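Biologist: I have a model open and want to learn how to read it. Can you take me through it feature by feature?

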Amino acid sequence: MSGTQFEGFGQRAGGVGRRPALVIVDINNGFTDPASPLVCDLDDTVGAIRRLLDAMRRAELPVVFTTVSYGEGDKVTAKAFIDKVPVLLTLVAGSRWVEIDDRIAPLPTEPVLNKLFASAFFGTALGSMLASHGCDSLIVTGASTSGCVRATAVDALQHGYRPVVPREAVGDRNPAAHDAALYDIDLKYGDVVSLDECLDALETLAATHAR
């Protein structure tokens with residue numbers, strides 16, 4: 001199934017645009033620390049994100065992080081999601097689990113948006129931020145591929161942005177779900193590309209900006 005093609009599906013949507021933003025979805029300690037019940041194997045993913053982050057900063061392009069955390073009121077708001085996935089209660093507001101992994105620590109100028117559900121757009125200011133920066137595409141990275149990454153890519157398209165997913169910069173605790181989500185995104189919602197292709201595009205933008 002992974003190699004199946006359908007006529008009229010899976011066309012390239014343009015890849016990295018002229019004004020991309022990078023969203024780093026939920027690379028917090030709750031998903032990267034082996035001591036957490038939510039852990040995914042994300043060491044290689046974090047390394048790939050680090051390279052993208054460096055390239056975005058060189059090109060002076062927008063970067064935004066998301067995390068998930070639940071205070072007492074948030075537990076009421078997100079009750080249906082928490083009932084489905086009770087282990088999310090690990091992500092207690094103010095705990096170390098909700099902090100971004102130090103290996104890709106945000107700069108003071110890089111916002112960290114808190115979300116209660118899967119998509120980085122739902123209930124956050126991500127759409128406003130992208131509009132204010134004149135973005136035309138969104139490079140979606142982070143975890144998990146089949147959950148919050150996929151939901152964010154779908155919502156990016158629905159908000160009028162071209163989603164780009166560098167395959168090495170996303171990860172999942174379930175390899176089969178990871179592969180299926182990338183296939184699904186590439187077929188219907190955005191461009192799944194290699195890390196090198198994405199980095200090359202960003203280097204071109206950085207060189208253009210420097211002129």
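Modeller: We will go through a helix, the cores, the aromatic rings and some backbone angles.

Biologist: What should I know before starting?

Modeller: This is a predicted model, so local features need pLDDT of at least 70 and side-chain atom pairs count only at pLDDT 80 or more, while totals for chains, interfaces and linings use all residues. Residues are numbered from 1 along each chain as its sequence is written, and side-chain values use heavy atoms, with hydrogens and water left out.

Biologist: Which residues of α7 are buried?

Modeller: Buried means under 20% relative accessible area, exposed means over 50%, and partly exposed is in between, using a 1.4 Å probe and protein chains only. In α7 the buried residues are H178, A181, L182, Y183, D184, I185 and L187. Their cover includes α6 (145-158), β5 (162-166), β6 (170-171) and β7 (191-193).

Biologist: What caps the N-terminal end of α7?

Modeller: First, the term. A polar contact is a pair of N or O atoms within 3.5 Å; within protein, one must be able to donate a hydrogen and the other to accept it, and residues adjacent in sequence count only if both atoms are side-chain atoms. The cap is N174: one of its side-chain oxygens lies 3.0 Å from the backbone nitrogen of A176.

Biologist: Where does D191 sit, and is it buried or exposed?

Modeller: D191 is in strand β7. It is buried, because its relative accessible area is 1%. A polar atom of the D191 side chain lies 2.7 Å from the backbone nitrogen of G15.

Biologist: How do I read a nonpolar core?

Modeller: In soluble globular proteins, nonpolar side chains tend to be buried together. A nonpolar core is a set of buried Ala, Val, Leu, Ile, Met, Phe, Trp, Tyr and Cys residues joined through side-chain atoms within 4.5 Å. Here the largest has 40 residues, and I24, L91 and I104 have the most contacts inside it. The elements that give it two or more residues are β1 (20-25), α2 (43-58), β2 (63-68), β4 (137-143) and α8 (195-210). The largest share, seven residues, comes from α2.

Biologist: Which residues is I24 in contact with?

Modeller: Contact means heavy atoms within 4.5 Å. Leaving aside neighbours within four places in sequence, I24 is in contact with I49, L53, V63, V64, F65, T66, I104 and T141. There is also a second, separate core of 23 residues, which includes F121, M129, C148 and Y161.

Biologist: How many aromatic pairs are there?

Modeller: Rings of Phe, Tyr and Trp (its six-membered ring) pair if their centres lie within 6.5 Å; planes under 30 degrees apart count as stacked, over 60 as edge-to-face and the rest as tilted. The count comes to two. F81 and F117 are stacked, 6.0 Å centre to centre with 20° between the planes. F81 is in helix α4 (residues 79-84), while F117 is in the loop between β3 (112-115) and α5 (126-132), 36 residues apart. The F117 and F122 rings have centres 5.4 Å apart and planes at 85°, so that pair is edge-to-face. F81, F117 and F122 form one aromatic cluster.

Biologist: Is F122 buried or exposed?

Modeller: F122 is exposed, at 52% relative accessible area. F117 is partly exposed, at 23%.

Biologist: What should I look for in the backbone?

Modeller: Most residues other than glycine have a negative phi, and most peptide bonds are trans. D26, in the loop between β1 and α1, has a positive phi near 60°. D26 is buried, at 0% relative accessibility. E60, in the loop between α2 and β2, has a positive phi of about 55°. E60 is exposed, at 53%.

Biologist: Which residues does the cis peptide bond join?

Modeller: It joins A143 and S144, with omega about -15°. S144 lies in the loop between β4 and α6.

Technical notes
Helix = DSSP H or I, 4+ residues; strand = E, 2+ residues; numbered from the N terminus.
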